[in-house]
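Have the sequence and the 3D view open as you read.

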Amino acid sequence: MQLGGPQNVAFQHGFSSDAFAWPRMVNWLNQDFRFGTELIATTGGTSGLASQGVTLMGQISSAQGSGYVLIGHSAGSLVARYAA
């Protein structure tokens, strides 16, 4: 979703979780920050970290813009680091 800000951001859920882990936090962040493209990744929370990282890279490639900041929760931070 494009929100009109300058910074693109991708949110990655943790192990055994899914994209539904983020909406509450994203709503809070959107009160204080204006992001550009906002991607809430869906990578299969029980897949291997490398597999999830490849999926995240594909979703970012398919989304608008470049220069994404990756935000990961729990094991999602390892997935985001792999994708970076």
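**Starting from one glycine**

1. Gly67 counts as exposed because its relative accessibility is 58%; exposed means over 50% relative accessible area, buried under 20%, and partly exposed in between, with a 1.4 Å probe and protein chains only. Please keep in mind that this is a predicted model, where local features need pLDDT of at least 70, side-chain atom pairs count only at pLDDT 80 or more, and totals for chains, interfaces and linings use all residues. Residues are numbered from 1 along each chain as its sequence is written, and side-chain values use heavy atoms, leaving out hydrogens and water.

2. Where does Gly67 sit? Look in the loop between helix 2 (49-62) and strand 3 (69-72). Helices (H or I, at least four residues) and strands (E, at least two) are DSSP runs, numbered from the N terminus.

3. Beyond its neighbours within four places in sequence, Gly67 is in contact (heavy atoms within 4.5 Å) with Gln7 and Asn8. Asn8 lies 59 residues away along the chain, yet the two C-alpha atoms are separated by 6.6 Å.

4. Now step back to the whole chain. It has three helices and three strands, arranged along the sequence as β-α-β-α-β-α.

5. Contacts between residues at least 6 apart in sequence are worth a look too: 75% of them join residues at least 24 apart.

6. Of the 84 residues in the chain, 36% are buried. The C-alpha atoms fill a box of roughly 35 × 25 × 15 Å, taken along the principal axes.
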